[in-house]
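Subject: Structure for your study

Dear colleague,

Please find below the structure that I am handing over to you. My notes on what was found in it follow directly after.

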Amino acid sequence: MRKQDQFQKINQKTEQKTEQETLNKIYASARRIEIPEQLTPEAVKARLDAEKQKNAKTQKTKRSYYRNLAAAACLCICIGGASVSYFYSRQSQPQIKLQEKSDHLQNKELDSNKEPDSNKELALNEESAKKSELNGAAKSADEASQGQEKSDERKVTKLGSSYRLASDYGDVYDAVKKAQAYSFEKDQMREETTGVTEDASAGDAASNMKAEFDSLDNVKEAAKDFSTTNLQVEGVDESDKVKTDGKYVYAVQEERIRILDAQSKALKLVATLKPDLEESLDSICEIYVADNVLTVVLQADQTEIKNEEDKNGDSDAKEDAALKEEQKQMYKDALCYDMLYLNYDLVTKALTYDISDPKHPVLLASMEQDGIYQSSRKIGNHLYLFTSKQMFLENGAERVDLTKGSRAAEWIPKVNKEAVKADCIYIPKEGNEGVVMACVDLANDCAVLDTKMLVSQGAQLYVTKDSAFFYHTEYSANTEKTRIARFALESDGTIRAKAAAAVKGCVTDTFALSQSDGYLRVLTSLTVREPWENRVYVIDIEDMKVAGSLTGIAPGEMIYAARFVGKTGYFVTYRNTDPLFTVDFSKPKKPRLIGELSVTGFSEYLHFWSDTKLLGIGYETNPQNGEMIGVKLSMFDISDPKKVTELAKTVLQGVDDSEAMYDYKSVLIDRKKNLIAFTTQTYQESCHDVYHVFSYKNGAFARRLERPIGSKGCGDYTRSLYIGEKLYLVGSRKALTFSLEEQIKELGKLTY
């Protein structure tokens, strides 16, 4: 409470200073207003004298005139007073809107004073009496017009109770300021859930699963004879550190890309592509390869140190020295001081190269957007780039200044050096981390087709062919909840906000979300209070309302792995044994738990081997005390989802870890080639990497290769792939080539 009180004290001082500065500007502006010629003292006196001579007939006429003239003078005073009052009451709005309103009032006043006839001045008085009503009507009409415009554009102004469309940069400022000043604890928002209703649809889980799996398998069978990146969603390509086009292998090595020829006996280095990086800390993140185009995603560091004088000017720095010193200490305690006083900017760039001649890549186009590279997806020629940027407000700067166009670009994330427009930003009640998403046309010089931003702390991503789902978990003392926002990805490149939902629990596995037949299936675990429990939610993606749910699953355990196919879902929970649960989604509004299998250990990654078999990679444990024994492979029979059995398992005893557990792209699993390839790590005095290749046949796992690949440090080799009858293990600095015979043989080693 003491720290919060200090923050409130600082905030009050800042608001008092802002209030006084705003009033000073109002009074200065008022002094600059020119007095209409008709209201100068000389003009008024001349008119009075003339009227005395002309209207000396009766005292009643003179009294009437004086009342009229006084009314006109009072009108001017009232208008001026109303302007000041309006300025003062709206000081939290952007200055440009204040100036427009002031100009509007002044113009009406000047136009009215051009009428010399006293009777018309009376009419003006009556008109001013209705001014408030007219302005209100005009404002309502303007808002209605804007609403119609947004309706025409199908813009969604609210994403449930979680997010809303910003009306201007002032809205974004308010959300960021609230999060920045009170970053210790977030307000809890209502959870959006609805009751479960009946659904007349029915289907057989096993047959539906087989149909979808056969469809996916046919796509793979029709592909060329080389492996592709292991994807979360079929048809939605993902960037990776290593890619191949079937003839060449492209491997990322920090600030360069190694191009390796795979057409000879062993891999051979034929070219090195080094993009024009500006700083020593710049590095390449991941790449895409398709249709003779290499797309490179890189991170550029634009950090620079600025003094307070550089930001605010010498006079401001001296004037606010005491306040800023206090703010400095408080923000330092809140772990955001360095970010506020260090101009720390990371920019993510996408570059395309023509690789029709891989030995001589040619740069085609590029684009950039602010923030740390979070992820990307490629659907056809559309690249969806996702970055995350913390937004920090400059100390001592006024709201009205920071929300102007030129100043807003200092803290609002930019795409191609232009700040994301306010009407493309969705904000919560508070938050200072913006997830920027841009759709880039790779076939048209990296043109940016659309941009949106969601202000959401630590949002993770699930992308399908037509939707991008952002989800993040909020924790409190009593519970946790996951907020999910959906954006539609349209064929023309438009990114359109749709709706949002909130469900209880946290998402603990990348594959715990799955979209199918107009519904999003979500698996969550509640672990804040005892006993733990797990839940299943089915959400209608059109309005993001919960259509069905299951609760109270596996008390005391947590979800470790999940996978969906067709209308069936599988997930693994764990404490000392590994229950593998089966859920039937054939009736989305009434999901059913139809199977449960308990085995020792647990799976961290699940992968469909066929329509009747499910592969699990995880750990074997002691069922009595949970002690780790080693890495385990399991093959489950899912031909009858209600009665899943474990057909086979093998345990790599003494092995501590594997990238396969947390990076699905590091695993090569191919039923056509009968390959299961991954690396493991054993931690003793140093880290020992071993490359493993297995096959599954005759109801058992068969070891085909166990190749030690390093003992000085882990991670030199990152990806496994095949081209034709050759198998490759490729890293950032080394590559191994093997022949895909029954007993795999090593053909060569390349160091670059």
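A residue is called buried when its relative accessible area is under 20%, and exposed when that area is over 50%; anything in between is partly exposed. Tyr 426 has a relative accessibility of 2%, so this residue counts as buried. Please keep in mind throughout that the model is predicted.

Overall composition

The protein chain contains 14 helices and 44 strands. Of its 752 residues, 51% are buried. The accessible surface amounts to about 35,400 Å², and carbon and sulfur atoms account for 47% of that area. Among contacts with a separation of 6 or more, 56% are between residues 24 or more positions apart.

Aromatic pairs

How many aromatic pairs does a search of the whole structure find? The search finds 17. One of them joins Tyr 426 and Phe 487 in an edge-to-face arrangement, with 5.9 Å from centre to centre and 80° between the planes. Tyr 426 belongs to strand 17 (residues 425-427) and Phe 487 to strand 22 (residues 480-489), so this pair ties together parts that are 61 residues apart in sequence. Phe 487 is also buried, because its relative accessibility is 0%.

A pair with another geometry is formed by Phe 571 and Phe 581. Their ring centres are 5.2 Å apart and their planes meet at 20°; the pair is therefore stacked, since planes under 30 degrees apart count as stacked. Phe 571 is part of strand 29 (residues 568-574) and Phe 581 is part of strand 30 (residues 577-584), so the parts that this pair ties together are ten residues apart in sequence. Phe 571 counts as buried at 1% relative accessibility, and Phe 581 is buried with a relative accessible area of 3%.

Ring pairs also link Phe 386, Tyr 426, Phe 470 and Phe 487 into a cluster. Elsewhere, a ring has a charge over it: the charged end of Arg 521 sits over the ring of Phe 585, at 5.1 Å from the ring centre.

Nonpolar cores

Which residues have the most contacts inside the largest nonpolar core? They are Phe 470, Phe 487, Leu 520, Ile 539 and Phe 571, in a core of 56 residues. Strand 23 (residues 495-504) supplies the largest share of this core, namely six residues. Another core, of 37 residues, lies apart from it and includes Val 572, Ile 617, Val 655 and Phe 701.

Beyond its neighbours within four places in sequence, Leu 520 is in contact with residues including Tyr 462, Phe 469, Ile 484, Tyr 537 and Ile 539.

Strands 28 and 29

Strand 28 (residues 558-565) is mostly covered, with seven of its eight residues buried. Strand 28 pairs with strand 29 in the antiparallel sense over seven bridges. Met 558 has Tyr 574 of strand 29 as its bridge partner. The hairpin of these two strands has two residues between them, and in it Gly 566 takes a positive phi near 60°.

Backbone exceptions

Most residues other than glycine have a negative phi, and most peptide bonds are trans.

- Asp 291 has a positive phi of about 55° although it is not a glycine. Asp 291 is in the loop between strand 7 (283-290) and strand 8 (293-301), and counts as exposed because its relative accessibility is 69%.
- Asp 445, also a residue other than glycine, has a positive phi near 55°. Asp 445 is in the loop between strand 18 (433-441) and strand 19 (447-455), and is exposed with a relative accessible area of 57%.
- Glu 530 and Pro 531 are joined by a cis peptide bond, with omega about -5°. Pro 531 lies in the loop between strand 25 (519-526) and strand 26 (533-540).

Lys 613 is found in strand 33 (residues 613-621). From Lys 613 to Glu 646 the distance in space is 9.6 Å, C-alpha to C-alpha, while the two are 33 residues apart in sequence. Leaving aside neighbours within four places in sequence, Lys 613 is in contact with Phe 608, Met 635, Phe 636, Ile 638, Leu 647 and Tyr 696.

With kind regards

Conventions: Residues numbered from 1 in each chain as written. Predicted model: local features only at pLDDT ≥ 70, side-chain atom pairs only at ≥ 80, totals over all residues. Heavy atoms only, no water. Phe/Tyr/Trp six-rings, centres within 6.5 Å; stacked < 30°, edge-to-face > 60°. Helix = DSSP H or I, 4+ residues; strand = E, 2+ residues; numbered from the N terminus. Buried < 20%, exposed > 50% of the residue type's maximum accessible area, 1.4 Å probe, protein only. Lys NZ or Arg CZ within 6 Å of the ring centre and 35° of its normal. Contact = heavy atoms within 4.5 Å. Areas by Shrake-Rupley, 256 points an atom, 1.4 Å probe, with all protein chains shown as cover. Core = buried A, V, L, I, M, F, W, Y, C linked by side-chain atoms within 4.5 Å. Pairing = 2+ DSSP bridges.
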